[in-house]
Amino acid sequence: MNLRNRLFLSFISISGVALLIFATIAIKDSSKTLQNEIESTLNSIVEQKISLIVSYLKAKESAVKLYSVLPIVNNALSDIRSAFESGVDSPEYEGIEKKYRPFLTKLSNESKSYDLFLIAPNGDIVFTVLHEDDFATNLVEGKYKDSQLAEAFKMARSLHQTKVTKFAPYAPSGTLSNNETGSKDNHDVITNHSAFMASPIIFNEELIGVIAIQLDSTEHFYLSNDYAGLGQSGEIVLGHLANDSVEMISPLRTNSNAAFNLNYSIGSEYAISLQKAVLGENGSGNMRDYEGKPIIAAWRHIPEIDWGIVVKIDSDEALERTNTLRNKFISAGVFLLLGAGLLAFFTANRITKPIKDLLNFTLSVSSGEIDRKLEVTSNDEVGQLTRAFNNMLTSRANYEKELEVTSDTVIKANKELVEANKQAQEAVRAKGEFFASMSHEIRTPMNGVLGMLGLLENTVLTTEQRHRLNVAQSSAESLLTLINDILDYSKVDAGKIDLEILNFDLRKMLGDLAESLAQSAQSKGIELILDLVGIEASMVKGDPGRIRQCITNLVSNAIKFTEKGEVVIRVYLTDVNEDQWSMNCAVSDSGIGIPENKLKFLFDSFSQVDSSTTRRFGGTGLGLAIVKKLAELMGGGVLVTSVVGEGSSFSFDIKLEKSKKSTAVMPEVDISKLRVLVVDDNTTNREIFKAQLNHWGAEVFEQENGKDTLTHLHNLLDRQEPIYDIAILDMQMPGMDGSELGQRIRKNPKLNGLKLVMMTSMAHQGDAKHFADIGFSAYFPKPTTTDDLFHALSVVAENGDAMANAEPLVTHRYLNELQGDLNADEKVDFASKRILLVEDNQVNQMVAKGILKKIGCVSIDIAGNGIEALQSLQKSPEDAQYDIILMDCQMPEMDGYEATRQIRNGRGGERNKGIAIVAMTANAMQGDKEKCLDVGMDDYLSKPINMDALKSKLIENLS
């Protein structure tokens with residue numbers, strides 16, 4: 001065979017094999033890429049649909065739970081139950097239902113539920129919005145006792161669980177057409193398959209009923225009918241287990257009546273992906289659908305409702321691009337092979353003769369002779385190849401020159417990029433330093449302002465001077481609150497805030513918080529009420545500071561926007577699992593309320609309901625935004641309901657860890673045999689008192705005014721019935737206040753055995769002698785805290801040494817001192833301690849020294865920087881060493897960090913290496929506390945200095 005034929009066959013073989021390999025690889029890669037793209041799209045769609053379904057159910061669950069704690073729902077159920085006993089056709093029932101129907105219908109519409117039910121504890125359905133055939137039936141013994149509604153009711157009543165039931169036929173609702181329901185969607189019917197959610201309604205720790213909503217199956221149909229991104233054959237299929245089969249619960253693209261009508265046995269060859277999903281398996285890939293057609297699908301199990309979901313598309317449509325590409329490759333291959341054959345034939349004829357010259361020239365070039373040029377002897381293919389080779393050599397030379405220039409450009413660009421990156425990092429560092437510097441620079445003068453005002457408060461002032469002092473203090477504290485809000489918001493918004501998880505007494509923290517807020521409420525004539533009946537655990541684990549911040553913001557807003565009435569703080573702990581609590585805090589007020597169209601803007605930063613509100617009430621608009629972000633950071637969220645002119649209710653829920661130190665909250669002595677009379681004109685306060693004291697075992701009776709109380713007591717004496725052990729009287733009551741009532745009781749010798757306890761506002765603190773002269777045994781302020789209540793009851797009930805030593809009577813201050821005696825081991829003799837204050841700012845030196853003297857410290861030395869601090873330590877006598885160092889961080893010459901390192905290394909003397917060092921600094925950004933502890937400090941206190949906080953730190957580090 002001659003060279004031409006060999007060349008021709010070689011060209012054809014090489015071209016054919018190369019084309020076949022390339023086509024095979026290209027088609028395979030294209031198919032794999034397309035398959036991955038389709039599966040990725042389907043996975044994204046199925047996750048999106050699950051998120052929508054779960055969000056939809058969570059929203060329903062949250063709505064039902066929120067409705068169950070609304071006071072108006074509580075009242076509605078109580079009133080409707082009473083009227084129900086007269087018959088649903090009675091005028092009493094019709095009147096009560098007419099009163100509450102608009103509000104309950106509004107709740108049903110807000111939750112987008114098909115129907116809403118109020119159910120008595122015995123199972124009687126005492127109210128529904130639609131009044132279908134289930135109205136006035138009994139879910140325990142009636143004809144619907146086996147329905148999904150009965151199942152939801154029993155879970156809520158017995159287990160206190162709010163979970164969605166399965167969708168199943170529900171006879172009372174029937175099958176309704178669009179004309180009957182007013183639906184505007186594309187569905188022809190609303191099926192009679194429904195699911196239910198129910199939540200218990202608890203009042204005074206007693207189940208008074210259940211609220212439930214009905215969900216019809218069309219809600220999730222809308223999700224399954226959205227075929228965006230699924231082409232012409234794609235579908236979204238929902239299903240659940242029904243006995244040993246998987247049942248479709250959504251319409252199909254090809255069968256609008258498939259929902260609840262198609263079933264496939266587990267293990268059958270059809271709907272395999274849906275079988276996997278309902279059995280708990282997640283995945284994606286090639287499958288066969290309910291008709292046996294090949295599909296590409298993504299399937300997931302939805303554990304919250306035990307559904308399966310499949311998003312699928314027919315394989316033929318999905319891989320249509322691959323089939324088209326294969327056909328194009330075949331066509332192109334045929335043409336390329338024909339062209340290659342012709343080219344091979346002519347090229348073989350033209351290159352055989354000059355091939356040797358070209359080969360030799362190629363060898364010379366490969367050896368490095370790139371400056372040579374091959375002489376062109378013809379204009380045929382070989383001549384063109386020769387020219388091309390010569391041009392290639394020329395291009396190579398030019399390319400090498402351009403490459404040198406390009407390399408220089410790339411090197412320069414890289415240098416510029418590195419420099420830009422350095423500048424960006426420097427900007428981030430500068431921003432962090434700016435916030436830290438601003439925090440320090442603002443807090444340092446604020447410490448001086450507040451400290452000096454605090455010291456000035458203890459001097460002799462005229463009335464006008466004291467008024468001006470109070471105005472200055474209020475303004476300074478408002479400015480500090482603004483600064484803290486802005487810094488907190490910036491830290492939360494940037495994700496730069498850490499939670500400090502501690503064991504703490506939740507009830508005590510809430511009691512202290514309520515006492516701190518009481519004065520501002522009572523100064524406006526508002527009743528501040530604390531309801532802790534829902535808290536069983538004494539100790540929990542969480543961040544008490546952030547929880548206190550959330551509640552303070554909500555209560556401050558409630559007081560600000562309430563002119564009369566009450567502000568109620570209700571806190572519940574719900575058991576989540578063996579390691580976690582769910583804490584819900586609701587702050588309700590009787591204030592101005594919020595328009596419904598403004599609710600969605602409440603939690604935006606720097607926003608108020610309107611500009612006039614801002615001018616009238618003030619505020620930065622950051623408080624609610626911070627509450628929302630902190631609640632989300634602690635694993636929860638925020639809800640708000642409001643009626644204009646009637647008030648608002650803000651609530652947030654968070655997750656808390658269970659504490660191993662927790663014990664049941666009960667009085668230290670047995671009060672189960674006490675008969676207690678509570679006299680208070682505020683209904684909410686009386687209800688909370690009764691619920692709490694009943695829970696602890698006491699028998700409680702109520703009266704709402706002094707006149708009725710005297711009449712009631714005289715009637716008991718006339719009938720020779722037992723008189724109460726203790727009477728708790730409210731000071732502020734219309735007509736006859738608590739003081740006058742106590743005087744009248746004490747005038748009757750037959751009532752001498754009745755001990756009297758007074759509840760006062762914070763403004764009446766210090767009236768101990770007045771109440772003692774009347775005949776009261778104890779008094780404490782509102783809002784009543786857990787400690788105040790059962791400590792006072794215990795002391796008065798025991799009537800022992802503690803009572804005898806309480807002169808002139810048991811007061812809030814005496815109770816705190818009595819409790820403090822239990823912690824006598826924490827007392828410190830401040831007068832005997834030597835303190836070294838390291839602070840460069842002279843104003844802050846004066847403030848700190850003044851506060852320390854108020855605490856009781858008398859031996860205080862001052863150093864202006866770290867160098868002076870080391871010298872003071874070195875010179876301190878052996879018999880008069882320093883006990884503690886209060887260390888500022890930012891100082892000239894040597895700052896507090898370096899000074900601490902030097903002390904720990906022995907530069908201040910071997911005997912002072914272990915001395916207690918407490919940072920007292922204006923640095924309050926994230927990481928500042930850790931930075932202080934890392935260099936060897938023992939504790940951290942941020943400025944402005946608070947006397948109680950400083951005293952607490954001294955006790956901790958000196959005791």
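Is Tyr-724 buried or exposed? In this predicted model, Tyr-724 is buried, with a relative accessible area of 4%. Its ring partner is Phe-701: the two ring centres lie 5.0 Å apart and the planes meet at 45°, so the pair is tilted. Phe-701 belongs to strand β22, whereas Tyr-724 sits in the loop between α18 and β23 (726–730), so the pair ties together parts that are 23 residues apart in sequence. Phe-701 itself is partly exposed, at 24% relative accessible area.

Gly-706, Thr-709, Leu-710, Leu-713 and Leu-716 are the buried residues of α18. They cover an arc of only 125° around the axis, which puts them on the same side of the helix. An α-helix has 3.6 residues a turn, so residues three or four places apart point the same way. The cover over the buried residues of α18 includes β21 (675–679), β22 (699–703) and α19 (738–746), while the face turned away carries exposed Lys-707 and Asp-718. At the start of α18, a side-chain oxygen of Asn-705 comes within 3.3 Å of the backbone nitrogen of Lys-707. After the helix comes Gln-720, with a positive phi near 55°.

Now for rings elsewhere. The structure holds seven aromatic pairs. One of them is tilted and joins Phe-167 to Trp-307, 5.6 Å centre to centre with 45° between the planes. Phe-117, Tyr-144, Tyr-170 and Phe-196 form one aromatic cluster. Charges meet rings too: Arg-834 lies over the face of Tyr-882, 4.2 Å from the ring centre, and the charged end of Lys-931 sits over the ring of Tyr-897, 4.4 Å from its centre.

Key. Residues numbered from 1 in each chain as written. Predicted model: local features only at pLDDT ≥ 70, side-chain atom pairs only at ≥ 80, totals over all residues. Heavy atoms only, no water. Buried < 20%, exposed > 50% of the residue type's maximum accessible area, 1.4 Å probe, protein only. Helix = DSSP H or I, 4+ residues; strand = E, 2+ residues; numbered from the N terminus. Arc of directions from axis to C-beta. Contact = heavy atoms within 4.5 Å. Polar contact = N/O pair within 3.5 Å; in protein donor to acceptor, adjacent residues only side chain to side chain. Phe/Tyr/Trp six-rings, centres within 6.5 Å; stacked < 30°, edge-to-face > 60°. Lys NZ or Arg CZ within 6 Å of the ring centre and 35° of its normal.
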